[in-house]
Amino acid sequence: MELQGGSETASLRTDLEKTNETIKELDSQLTPEIREANRAVAIVKNMKKERDQLEQELETLRKETNSKRKELSSITDTLTAENFGLYEPRYKFASALDYKEELAKVRALQKTFIKDNNAVLLWIFELPKNIYQPK
């Protein structure tokens with residue numbers, strides 16, 4: 001029985017060697033194609049990543065563009081109203097005469113500071129905060 005088992009083992013070894021040779025031969029034939037396919041897959045992944053980044057950048061630019069359009073529309077509306085003599089005052093004065101009087105006071109104060117060599121202190125510490133209304 002050992003002979004029969006030995007011949008089976010030898011036959012299996014021969015089949016295994018033939019199978020290994022076939023695998024090596026197929027590997028050598030497929031390796032360039034597989035390498036090329038792997039390169040193509042890597043390129044596609046990089047392109048998808050770049051596309052996603054560009055889509056995000058495009059979305060950001062779209063949002064910024066919409067924001068700027070709204071801002072431009074607001075500015076255009078304001079300019080149109082001002083062209084018709086309608087504008088929103090920035091100062092807390094009931095009339096132009098009140099503004100003119102306060103401006104004269106500020107200029108007189110500026111002249112005093114200039115004469116006393118304290119003009120820089122005026123603009124650092126003495127800005128009239130109750131006059132200007134920022135938007």
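Helices (H or I, at least four residues) and strands (E, at least two) are taken as DSSP runs, numbered from the N terminus. The model is predicted: local features need pLDDT of at least 70, side-chain atom pairs count only at pLDDT 80 or more, and totals for chains, interfaces and linings use all residues. Residues are numbered from 1 along each chain as its sequence is written, and side-chain values use heavy atoms, with hydrogens and water left out.

The protein chain contains three helices and zero strands. Its elements run α-α-α from the N terminus. Of its 135 residues, 3% are buried (under 20% relative accessible area; exposed is over 50%, partly exposed in between; 1.4 Å probe, protein chains only). The chain exposes about 12,700 Å² (Shrake-Rupley method, 1.4 Å probe). Carbon and sulfur atoms supply 56% of this area.

Three salt bridges are present (a side-chain nitrogen of Lys or Arg within 4 Å of a carboxyl oxygen of Asp or Glu). Glu-36 pairs with Arg-39, with the closest N and O atoms 2.9 Å apart. These two residues are three apart in helix H1, so about one helical turn separates them. Glu-36 is partly exposed at 46% relative accessibility. Arg-39 is also partly exposed, at 48%.

Arg-51 forms a salt bridge with Asp-52 at 3.4 Å between the closest N and O atoms. Arg-51 also meets Glu-55 in a salt bridge, at 3.8 Å from N to O. Arg-51 and Glu-55 lie four residues apart in helix H1, about one turn. Shared partners join Arg-51, Asp-52 and Glu-55 into one network. Relative accessibility is 43% for Arg-51, 36% for Asp-52 and 45% for Glu-55.
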